[in-house]
Structures are given as structure tokens and as C-alpha cells.
2 protein chains.
Amino acid sequence: MDPQSQPARSEYEGACASRGDGDGRAVREVLDRIGDKWSLLVIVTLVDGLLRFTELQRHIPGISQRMLTLTLRQLERDGLVARTVHAEVPPRVEYELTEVGRTLIEPSMALAGWAIENYPRISEARERFDANAPARPPSP
Amino acid sequence: MDPQSQPARSEYEGACASRGDGDGRAVREVLDRIGDKWSLLVIVTLVDGLLRFTELQRHIPGISQRMLTLTLRQLERDGLVARTVHAEVPPRVEYELTEVGRTLIEPSMALAGWAIENYPRISEARERFDANAPARPPSP
DNA sequence: CCGAATCCACCCGGATACTG
DNA sequence: CAGTATCCGGGTGGATTCGG
């Protein structure tokens, strides 16, 4: 019976399938944010207090002004980072994590911790994999 | 003393800066993997057991065969997913999480949980933000 | 059933230069 | 100091087709 009824396993269960509704979308959208090249780095850099634009840039080695600006805008838009403009000259703009932004730190750190802890194994696995299937035989 | 010594705040502290060495790279590479469009979804879908290719595809709504194949290859390469080919006809290939792969579940779930829990707030923040700065003045 | 190959659109992100 | 504007290459991922 129940010919094609989805078994016990729903779309993605556990944390993902509260009601099987638009949860995948939520995960996707959050991942699109913190999964991009700089967002997580910015968040982590803001962990212990506010910083101005240039300070932020100095603390994140490879980032360009453009990318820092864009990243900050997105984070601000999502309500994770607060932007404060001081009406002075020269201008001074400070960024800090919001309440919500701070709650993201814990899971992010957990993931970062996992990454650092398991990177050796992953790297090793890659080498093994590439050693067995390097056969990109364009050669005649 | 310590004229321009970086204060308490290192590059990215806490989990990220074990020794300030190549840890950022580890985080970046892992993020490049699970931060892509499908990897995390695949991992989470494999949480409670092995699945064959087609089942996997059915459980992840929008994914194409191409993307599923590529994602699985990467995960296999990184040693997070194991691939078992049964020499039968028609062919049967099963995928499951490895030991290491399973350790990724916890932090991933934490992040996914955060996403689902905070998505309403984020979504709301976006609307507010877009309401105040929709002024994309393309004025000629 | 599983997957590789090809073609192609899109957008992310880097470099650079210019404003207030 | 804190951005914005423009150009442009490369990677990501979708649609489709072919092969074992």
C-alpha cells in the first residue's frame, strides 16, 4: 500500500524539516549569506566590539573596499550588523554586531572549529582520491 | 611599549586563530564545500542512512543530475561521503556518510537550526531595509 | 539506472579609478 | 575616511544530450 508515500524520511528532517514547508529556503538563504566569501569573516572579526570601516579592512587581509562594502550592506540588510554614521569630518562609520548577529556566532564558530579540526583529514582524503583518479587522459 | 602590536583582537580569533597560521584557509575551503548550493542539503539528507542516486535526487527537490553527481564527487573526494557500486544490472549505487561526514552533522544542524529559527527576523529586517532605501535613482 | 559531456547564462568577486 | 562606478574574467550551476 501507500505506493509512493515518502517513507519516514521527509525532505530533510531534523532541524531542517520543521514542517517540510519553506525551511529549505531558509537554510539556503542563510547559507547564501554566510557561505559567501567574506560574510563569516566579517562577523567573526566583529565578535568583540565595534570597528570602523578601515579597521575592519585591515583585520581582514585579502578583502577589497568593494567587497567589504557589499558584504556589510548585506549583513546590515539582514539585521546582523548595525551601521552607525557619525556626523563628523572626516567621516566616521562604525560597525557592530546586532543582537541577532551575535547569536550567529556560536553556530558559526562550531562550524569553523570543525573545519580546522578536520581539515587535515579532508586534505589527506583529497590527496588519496586524486591519486587514484588523476587519470584525466587527454593524452593519446 | 608594543607600538603597533595588534591589540587583543587577532586576525580572527577564537576558533579561527589556533595559531594564526593557515586556519583561515581551512575555514575557507570547508565553507567553499558546504557553502555551495547543494552539499549541506545532501549531507543532511543522508543523515539516517544510505540512499541510492535516484532516491537522493527525489529527496532534494530542485537538484539536477549534474549537480547531484558533482556534489557527491566532491563530498566523496573530501572523505565525507562513501560511494558503493553494486555490480549488478541495472546498476545500483549507494551513498552514505562516512565517519568524518557524520561529525559534520552536528555543527551543520546547529547552523540550519539557527537559519530556520531566525529566518523570520531576517526576512523582516530585509523588508524594513528595502523599504527605507529602495531609492535606486536611475533618474536620467 | 547512473553518470559523463557539452553548451551557455549568470553573477560573484577582483582591479581600478573617481567622489564627498 | 568611506564609499560608488565601471570593466571584465572565471567559476557555478541549469538544460540537454549521449554512453555504459
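Six salt bridges are counted between chain B and chain A in this predicted model. One of them pairs the side chains of A:Glu29 and B:Arg126, with N to O at 2.5 Å. Polar contacts cross the interface of chain B and chain A as well: the rule finds 14 residue pairs, both partners at pLDDT 80 or more.

On chain B, the side that touches chain A draws two or more residues from each of helix 1 (23-34), helix 2 (39-45), helix 4, helix 5 (99-103) and helix 6 (105-132). Helix 6 of chain B gives the most, with 17 residues. By class, this side of chain B has 32 nonpolar, ten polar and 18 charged residues.

The contact involves 60 residues of chain B and 60 residues of chain A. The two chains bury about 5800 Å² between them. Carbon and sulfur atoms carry 64% of that area.

**DNA strand D**

DNA strand D is surrounded by 17 residues. The closest are A:Thr54, A:Arg83, A:Tyr95, B:Lys37 and B:Arg66. Of the atoms of DNA strand D that come within 4 Å of the protein, 64% belong to sugar and phosphate.

**DNA strand C**

Around DNA strand C there are 18 residues. Nearest come A:Lys37, A:Arg66, B:Thr54, B:Arg83 and B:Tyr95. Sugar or phosphate makes up 68% of the atoms of DNA strand C within 4 Å of the protein, and bases make up the rest. A base is reached by A:Arg66: an N or O atom of its side chain is 2.7 Å from a base nitrogen of DNA strand C. The surface near DNA strand C takes two or more residues from each of helix 4 of chain A and helix 3 (53-59), helix 4 and strand 3 (92-97) of chain B. Its residues divide into eight nonpolar, three polar and seven charged.

**Phosphate contacts**

| Residue | Protein atom | DNA strand | Distance |
|---|---|---|---|
| B:Lys37 | polar side-chain atom | D | 2.5 Å |
| A:Arg73 | polar side-chain atom | D | 3.2 Å |
| A:Val93 | polar backbone atom | D | 3.4 Å |
| A:Lys37 | side-chain N or O atom | C | 2.6 Å |
| B:Arg73 | polar side-chain atom | C | 3.3 Å |

Note on methods:
Residues numbered from 1 in each chain as written. Chains lettered and ligands numbered in written order. Predicted model: local features only at pLDDT ≥ 70, side-chain atom pairs only at ≥ 80, totals over all residues. Heavy atoms only, no water. Near = heavy atom within 4 Å. Polar contact = N/O pair within 3.5 Å; in protein donor to acceptor, adjacent residues only side chain to side chain. Helix = DSSP H or I, 4+ residues; strand = E, 2+ residues; numbered from the N terminus. Nonpolar A, V, L, I, M, F, W, Y, C, P; charged D, E, K, R; others polar. Contact = heavy atoms within 4.5 Å. Buried area = accessible area lost by both parts, 1.4 Å probe. Salt bridge = Lys/Arg side-chain N within 4 Å of Asp/Glu carboxyl O.
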